[in-house]
Amino acid sequence: MKRASIIFNPVARGLSRHRHLLQRTIETLRRQGIEARLIATEAPGTAGAQARREVDSGVDLILAAGGDGTVNEVASGILYSGVPMAILPGGTANVLAREMRLPIHLDRVAQQLSEFQPHPVSVGRLSSEDTEPRAFLCMAGVGLDAEIVSRVNPALKVRAGKLAYYVSGFSNFFDPLREFDVTVDGETYQASFGLISRVRNYGGDLEIARSASLLRDDFEVVLFRGTERVRFLPYLLGVALRQVHRLQGVTIVHGRSIECSAPARDRIFSQVDGELVGHLPASVDILPGALTMLLPPAYVAREQSYVDVPVFA
(Lines give C-alpha, C1' and ligand atoms only; values in the text may rest on other atoms or scores of the structure.)
Protein backbone atom coordinates (compact mmCIF):
# COMPACT_ATOMS: atom_id res chain seq x y z
CA MET A 1 0.00 0.00 0.00
CA LYS A 2 1.08 3.54 -0.68
CA ARG A 3 1.06 5.91 2.27
CA ALA A 4 -0.76 9.21 1.87
CA SER A 5 -1.55 12.15 4.12
CA ILE A 6 -4.63 14.30 3.61
CA ILE A 7 -3.91 17.83 4.84
CA PHE A 8 -7.35 19.40 5.24
CA ASN A 9 -8.67 22.77 6.33
CA PRO A 10 -11.36 22.09 8.97
CA VAL A 11 -12.99 25.48 8.42
CA ALA A 12 -13.05 25.31 4.60
CA ARG A 13 -16.54 26.07 3.37
CA GLY A 14 -16.93 22.74 1.57
CA LEU A 15 -15.62 20.65 4.48
CA SER A 16 -16.74 22.23 7.74
CA ARG A 17 -20.30 20.93 7.38
CA HIS A 18 -19.45 17.73 5.52
CA ARG A 19 -16.68 16.08 7.51
CA HIS A 20 -18.13 12.65 6.64
CA LEU A 21 -16.89 13.18 3.07
CA LEU A 22 -13.31 12.95 4.29
CA GLN A 23 -13.96 9.59 5.96
CA ARG A 24 -15.62 8.36 2.78
CA THR A 25 -12.59 9.54 0.82
CA ILE A 26 -10.28 7.48 3.05
CA GLU A 27 -12.31 4.35 2.29
CA THR A 28 -12.27 5.12 -1.43
CA LEU A 29 -8.49 5.50 -1.37
CA ARG A 30 -8.05 2.28 0.59
CA ARG A 31 -9.85 0.35 -2.14
CA GLN A 32 -7.19 1.65 -4.55
CA GLY A 33 -4.31 0.50 -2.38
CA ILE A 34 -3.65 3.87 -0.75
CA GLU A 35 -3.57 4.03 3.03
CA ALA A 36 -4.40 7.62 3.99
CA ARG A 37 -4.70 9.50 7.23
CA LEU A 38 -6.30 12.85 8.01
CA ILE A 39 -4.33 15.80 9.32
CA ALA A 40 -6.25 18.98 10.15
CA THR A 41 -4.47 22.29 9.66
CA GLU A 42 -3.69 23.83 13.02
CA ALA A 43 -4.14 27.49 12.06
CA PRO A 44 -3.84 29.75 9.01
CA GLY A 45 -0.33 29.45 7.58
CA THR A 46 0.50 26.06 9.14
CA ALA A 47 -0.41 23.69 6.30
CA GLY A 48 2.96 24.01 4.55
CA ALA A 49 5.00 22.99 7.58
CA GLN A 50 2.59 20.16 8.37
CA ALA A 51 2.84 18.85 4.79
CA ARG A 52 6.64 19.02 4.94
CA ARG A 53 6.69 16.99 8.15
CA GLU A 54 4.61 14.31 6.44
CA VAL A 55 7.02 14.23 3.51
CA ASP A 56 9.97 13.93 5.89
CA SER A 57 8.21 11.02 7.61
CA GLY A 58 8.22 9.08 4.33
CA VAL A 59 4.72 9.36 2.86
CA ASP A 60 4.33 8.67 -0.87
CA LEU A 61 1.55 11.15 -1.59
CA ILE A 62 0.21 14.43 -0.20
CA LEU A 63 -3.45 15.31 -0.71
CA ALA A 64 -4.52 18.91 -0.11
CA ALA A 65 -8.20 19.17 0.85
CA GLY A 66 -9.70 22.64 0.98
CA GLY A 67 -9.72 25.83 -1.04
CA ASP A 68 -7.02 27.49 -3.10
CA GLY A 69 -5.38 28.98 -0.01
CA THR A 70 -4.92 25.55 1.58
CA VAL A 71 -3.64 24.08 -1.69
CA ASN A 72 -1.18 26.97 -1.96
CA GLU A 73 0.17 26.43 1.55
CA VAL A 74 0.53 22.67 1.11
CA ALA A 75 2.29 23.04 -2.23
CA SER A 76 4.66 25.66 -0.80
CA GLY A 77 5.67 23.24 1.93
CA ILE A 78 6.71 20.39 -0.35
CA LEU A 79 8.47 22.20 -3.21
CA TYR A 80 11.42 20.25 -4.66
CA SER A 81 10.59 17.22 -2.49
CA GLY A 82 9.63 15.02 -5.45
CA VAL A 83 6.62 13.72 -3.50
CA PRO A 84 3.51 14.20 -5.67
CA MET A 85 0.57 16.29 -4.56
CA ALA A 86 -3.05 15.95 -5.59
CA ILE A 87 -5.95 18.21 -4.68
CA LEU A 88 -9.35 17.45 -3.18
CA PRO A 89 -11.58 20.52 -3.73
CA GLY A 90 -13.42 21.80 -0.70
CA GLY A 91 -13.10 25.57 -0.54
CA THR A 92 -14.80 28.72 -1.80
CA ALA A 93 -13.56 29.04 -5.38
CA ASN A 94 -11.43 25.93 -6.10
CA VAL A 95 -9.78 27.58 -9.10
CA LEU A 96 -7.22 24.82 -9.63
CA ALA A 97 -9.86 22.08 -9.44
CA ARG A 98 -11.98 23.89 -12.01
CA GLU A 99 -8.94 24.41 -14.21
CA MET A 100 -8.42 20.64 -14.29
CA ARG A 101 -12.19 20.00 -14.53
CA LEU A 102 -12.21 17.83 -11.46
CA PRO A 103 -15.50 16.66 -9.93
CA ILE A 104 -16.72 18.91 -7.12
CA HIS A 105 -17.10 16.00 -4.67
CA LEU A 106 -14.01 14.78 -2.82
CA ASP A 107 -14.81 11.08 -3.02
CA ARG A 108 -15.40 11.28 -6.78
CA VAL A 109 -11.93 12.79 -7.22
CA ALA A 110 -10.54 10.05 -4.99
CA GLN A 111 -12.17 7.39 -7.19
CA GLN A 112 -10.16 8.67 -10.17
CA LEU A 113 -6.88 9.19 -8.36
CA SER A 114 -5.26 5.94 -9.47
CA GLU A 115 -5.60 7.13 -13.09
CA PHE A 116 -3.82 10.44 -12.49
CA GLN A 117 -0.26 10.91 -13.72
CA PRO A 118 2.68 12.65 -11.97
CA HIS A 119 3.98 15.72 -13.81
CA PRO A 120 6.54 18.38 -12.87
CA VAL A 121 4.82 21.77 -12.65
CA SER A 122 6.40 25.21 -12.54
CA VAL A 123 5.37 27.46 -9.66
CA GLY A 124 5.23 31.22 -9.30
CA ARG A 125 6.87 33.12 -6.46
CA LEU A 126 6.01 36.61 -5.25
CA SER A 127 8.54 38.53 -3.16
CA SER A 128 8.00 41.87 -1.46
CA GLU A 129 9.77 43.98 1.14
CA ASP A 130 7.23 43.49 3.93
CA THR A 131 6.63 39.70 3.75
CA GLU A 132 8.41 36.41 3.17
CA PRO A 133 8.41 35.16 -0.47
CA ARG A 134 5.17 33.36 -1.31
CA ALA A 135 4.89 30.57 -3.87
CA PHE A 136 1.68 30.18 -5.86
CA LEU A 137 0.14 27.66 -8.23
CA CYS A 138 -2.64 29.73 -9.78
CA MET A 139 -2.08 33.47 -9.84
CA ALA A 140 -0.83 36.63 -8.22
CA GLY A 141 -2.91 39.79 -8.35
CA VAL A 142 -1.79 43.37 -7.83
CA GLY A 143 -4.02 46.40 -7.44
CA LEU A 144 -7.80 46.17 -7.62
CA ASP A 145 -8.39 42.49 -6.92
CA ALA A 146 -5.87 42.41 -4.07
CA GLU A 147 -7.60 45.45 -2.56
CA ILE A 148 -10.90 43.57 -2.75
CA VAL A 149 -9.29 40.58 -1.01
CA SER A 150 -8.02 42.91 1.73
CA ARG A 151 -11.58 44.08 2.46
CA VAL A 152 -13.35 40.70 2.46
CA ASN A 153 -15.22 39.95 5.68
CA PRO A 154 -13.96 36.51 6.86
CA ALA A 155 -17.24 35.63 8.58
CA LEU A 156 -19.24 36.54 5.47
CA LYS A 157 -16.85 34.48 3.34
CA VAL A 158 -17.55 31.40 5.48
CA ARG A 159 -21.32 31.93 5.24
CA ALA A 160 -21.71 33.22 1.70
CA GLY A 161 -18.61 32.07 -0.19
CA LYS A 162 -17.78 34.06 -3.33
CA LEU A 163 -20.57 36.54 -2.62
CA ALA A 164 -18.30 38.05 0.02
CA TYR A 165 -15.87 39.14 -2.71
CA TYR A 166 -18.61 40.88 -4.69
CA VAL A 167 -19.76 42.68 -1.54
CA SER A 168 -16.18 43.81 -0.94
CA GLY A 169 -15.75 44.88 -4.57
CA PHE A 170 -18.82 47.11 -4.64
CA SER A 171 -18.43 48.55 -1.13
CA ASN A 172 -15.95 51.19 -2.37
CA PHE A 173 -17.24 51.51 -5.91
CA PHE A 174 -16.80 55.28 -6.13
CA ASP A 175 -13.28 55.42 -4.71
CA PRO A 176 -10.60 56.15 -7.34
CA LEU A 177 -8.00 53.56 -8.28
CA ARG A 178 -4.26 54.15 -8.48
CA GLU A 179 -2.10 52.98 -11.34
CA PHE A 180 1.35 51.46 -10.88
CA ASP A 181 4.23 50.26 -13.06
CA VAL A 182 4.53 46.64 -14.18
CA THR A 183 7.77 45.59 -15.86
CA VAL A 184 7.57 42.25 -17.71
CA ASP A 185 10.92 40.90 -18.92
CA GLY A 186 12.28 44.44 -19.17
CA GLU A 187 9.22 46.10 -20.81
CA THR A 188 7.27 48.53 -18.61
CA TYR A 189 3.48 49.07 -18.64
CA GLN A 190 0.96 50.79 -16.38
CA ALA A 191 -2.12 49.24 -14.77
CA SER A 192 -4.55 49.56 -11.89
CA PHE A 193 -5.07 45.78 -11.89
CA GLY A 194 -2.39 43.32 -12.88
CA LEU A 195 -3.06 39.59 -13.09
CA ILE A 196 0.01 37.34 -13.23
CA SER A 197 -1.41 33.94 -13.97
CA ARG A 198 -0.48 30.29 -14.44
CA VAL A 199 -4.10 29.27 -15.13
CA ARG A 200 -6.94 30.47 -17.31
CA ASN A 201 -9.63 30.26 -14.65
CA TYR A 202 -10.21 33.22 -12.35
CA GLY A 203 -12.34 33.03 -9.22
CA GLY A 204 -13.97 29.80 -10.33
CA ASP A 205 -16.37 31.47 -12.78
CA LEU A 206 -14.37 33.57 -15.24
CA GLU A 207 -11.60 33.03 -17.76
CA ILE A 208 -9.11 35.88 -18.08
CA ALA A 209 -5.64 34.54 -18.96
CA ARG A 210 -6.78 32.60 -22.01
CA SER A 211 -3.44 31.07 -22.94
CA ALA A 212 -1.98 30.40 -19.50
CA SER A 213 -1.20 26.80 -18.60
CA LEU A 214 0.35 24.80 -15.78
CA LEU A 215 2.37 23.02 -18.45
CA ARG A 216 4.07 26.25 -19.53
CA ASP A 217 7.16 27.72 -17.88
CA ASP A 218 5.98 31.33 -17.90
CA PHE A 219 3.16 33.61 -16.80
CA GLU A 220 0.39 35.19 -18.77
CA VAL A 221 0.22 38.79 -17.55
CA VAL A 222 -3.09 40.63 -18.08
CA LEU A 223 -2.98 44.36 -17.34
CA PHE A 224 -6.04 46.60 -16.97
CA ARG A 225 -5.74 50.38 -17.08
CA GLY A 226 -8.09 52.94 -15.56
CA THR A 227 -8.44 54.99 -12.38
CA GLU A 228 -12.27 54.87 -12.27
CA ARG A 229 -13.87 51.66 -11.06
CA VAL A 230 -16.80 52.12 -13.42
CA ARG A 231 -14.40 51.38 -16.26
CA PHE A 232 -14.13 47.83 -14.97
CA LEU A 233 -17.79 47.13 -15.70
CA PRO A 234 -17.15 46.79 -19.48
CA TYR A 235 -13.95 44.91 -18.63
CA LEU A 236 -16.04 42.45 -16.62
CA LEU A 237 -18.48 42.06 -19.51
CA GLY A 238 -15.61 41.45 -21.92
CA VAL A 239 -14.17 38.80 -19.61
CA ALA A 240 -17.57 37.12 -19.30
CA LEU A 241 -17.82 37.02 -23.12
CA ARG A 242 -14.23 35.75 -23.38
CA GLN A 243 -13.24 38.81 -25.38
CA VAL A 244 -10.77 40.28 -22.91
CA HIS A 245 -7.97 40.28 -25.50
CA ARG A 246 -10.02 42.65 -27.69
CA LEU A 247 -10.71 45.25 -25.01
CA GLN A 248 -9.23 48.72 -25.23
CA GLY A 249 -7.18 49.44 -22.13
CA VAL A 250 -6.10 45.81 -21.69
CA THR A 251 -2.56 44.57 -22.40
CA ILE A 252 -1.68 40.87 -22.46
CA VAL A 253 1.90 39.61 -22.50
CA HIS A 254 3.86 36.51 -21.49
CA GLY A 255 6.93 36.64 -19.30
CA ARG A 256 9.02 34.96 -16.62
CA SER A 257 10.16 37.94 -14.55
CA ILE A 258 7.81 40.70 -13.36
CA GLU A 259 8.50 43.79 -11.25
CA CYS A 260 5.67 45.91 -9.81
CA SER A 261 6.30 49.32 -8.27
CA ALA A 262 4.33 52.38 -7.23
CA PRO A 263 5.05 55.81 -5.72
CA ALA A 264 5.80 55.60 -1.99
CA ARG A 265 2.62 57.51 -1.16
CA ASP A 266 0.43 54.89 -2.83
CA ARG A 267 -0.38 51.74 -0.85
CA ILE A 268 -1.00 49.06 -3.51
CA PHE A 269 -1.92 45.57 -2.29
CA SER A 270 -0.81 42.20 -3.69
CA GLN A 271 -2.36 38.74 -3.30
CA VAL A 272 -1.56 35.16 -4.28
CA ASP A 273 -4.21 32.49 -4.85
CA GLY A 274 -6.82 34.61 -3.08
CA GLU A 275 -4.74 35.32 0.04
CA LEU A 276 -3.49 38.81 0.87
CA VAL A 277 0.33 39.05 0.81
CA GLY A 278 1.48 42.65 1.24
CA HIS A 279 2.19 45.85 -0.66
CA LEU A 280 4.30 47.07 -3.55
CA PRO A 281 7.07 47.03 -4.50
CA ALA A 282 6.98 43.33 -5.38
CA SER A 283 8.63 40.97 -7.82
CA VAL A 284 7.36 37.72 -9.34
CA ASP A 285 9.46 34.97 -10.87
CA ILE A 286 8.99 31.39 -12.04
CA LEU A 287 10.33 28.27 -10.30
CA PRO A 288 10.64 25.70 -13.13
CA GLY A 289 9.47 22.17 -12.26
CA ALA A 290 9.39 22.93 -8.53
CA LEU A 291 6.34 20.79 -7.74
CA THR A 292 5.25 17.30 -8.74
CA MET A 293 1.48 17.09 -9.20
CA LEU A 294 -0.89 14.25 -9.97
CA LEU A 295 -2.85 15.47 -13.00
CA PRO A 296 -5.84 13.92 -14.81
CA PRO A 297 -4.80 12.41 -18.17
CA ALA A 298 -7.61 14.29 -19.94
CA TYR A 299 -6.30 17.60 -18.59
CA VAL A 300 -2.73 16.84 -19.68
CA ALA A 301 -3.84 15.82 -23.18
CA ARG A 302 -6.01 18.93 -23.52
CA GLU A 303 -3.21 21.25 -22.40
CA GLN A 304 -0.59 19.60 -24.60
CA SER A 305 -2.87 19.95 -27.61
CA TYR A 306 -2.59 23.74 -27.57
CA VAL A 307 0.07 24.77 -25.06
CA ASP A 308 2.42 25.65 -27.96
CA VAL A 309 -0.26 27.30 -30.09
CA PRO A 310 0.44 31.05 -30.61
CA VAL A 311 -1.50 33.29 -28.26
CA PHE A 312 -5.08 33.95 -29.43
CA ALA A 313 -4.55 32.03 -32.69
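Visitor: Which residues does Q271 touch, not counting residues up to four places away in sequence?
Guide: In this predicted model, Q271 touches M139, A140, G141, D145, A146, V149, L276 and V277, with residues up to four places away in sequence left out.

Visitor: Is Q271 buried or exposed?
Guide: Q271 has a relative accessible area of 2%. Buried means under 20%, so Q271 counts as buried.

Visitor: Which side chain makes a polar contact with the side chain of Q271?
Guide: That partner is the side chain of D145, at 2.7 Å.

Visitor: Where does Q271 lie?
Guide: Q271 belongs to strand β16, which covers residues 269-272.

Visitor: Let us turn to H119. Which strand holds H119?
Guide: H119 is placed in strand β5, formed by residues 117-128.

Visitor: Why does H119 count as buried?
Guide: The relative accessible area of H119 is 17%. The limit for buried is under 20%, and H119 therefore falls within that class.

Visitor: What does the side chain of H119 make a polar contact with?
Guide: The contact is with the side chain of Q117, at 3.4 Å.

Visitor: Which residues does H119 touch, not counting those up to four places away in sequence?
Guide: Under that condition, H119 touches L291, T292, M293, L295 and V300.

Visitor: A word on cysteines, please. How many disulfides does the structure hold?
Guide: The structure holds zero disulfides. As for individual cysteines, C138 is buried, with a relative accessible area of 4%. C260 is also buried, at 3% relative accessibility.

Visitor: Now the whole protein. How many helices and strands are there?
Guide: The protein has ten helices and 18 strands.

Visitor: What percentage of the residues count as buried?
Guide: Of the 313 residues, 53% count as buried. Q271 and H119 are buried residues, as are C138 and C260.

Visitor: Among contacts between residues at least 6 apart in sequence, what percentage join residues at least 24 apart?
Guide: For contacts of that kind in the protein, the value is 71%.

Methods:
Residues numbered from 1 in each chain as written. Predicted model: local features only at pLDDT ≥ 70, side-chain atom pairs only at ≥ 80, totals over all residues. Heavy atoms only, no water. Helix = DSSP H or I, 4+ residues; strand = E, 2+ residues; numbered from the N terminus. Buried < 20%, exposed > 50% of the residue type's maximum accessible area, 1.4 Å probe, protein only. Polar contact = N/O pair within 3.5 Å; in protein donor to acceptor, adjacent residues only side chain to side chain. Contact = heavy atoms within 4.5 Å. Disulfide = S-S within 2.5 Å.
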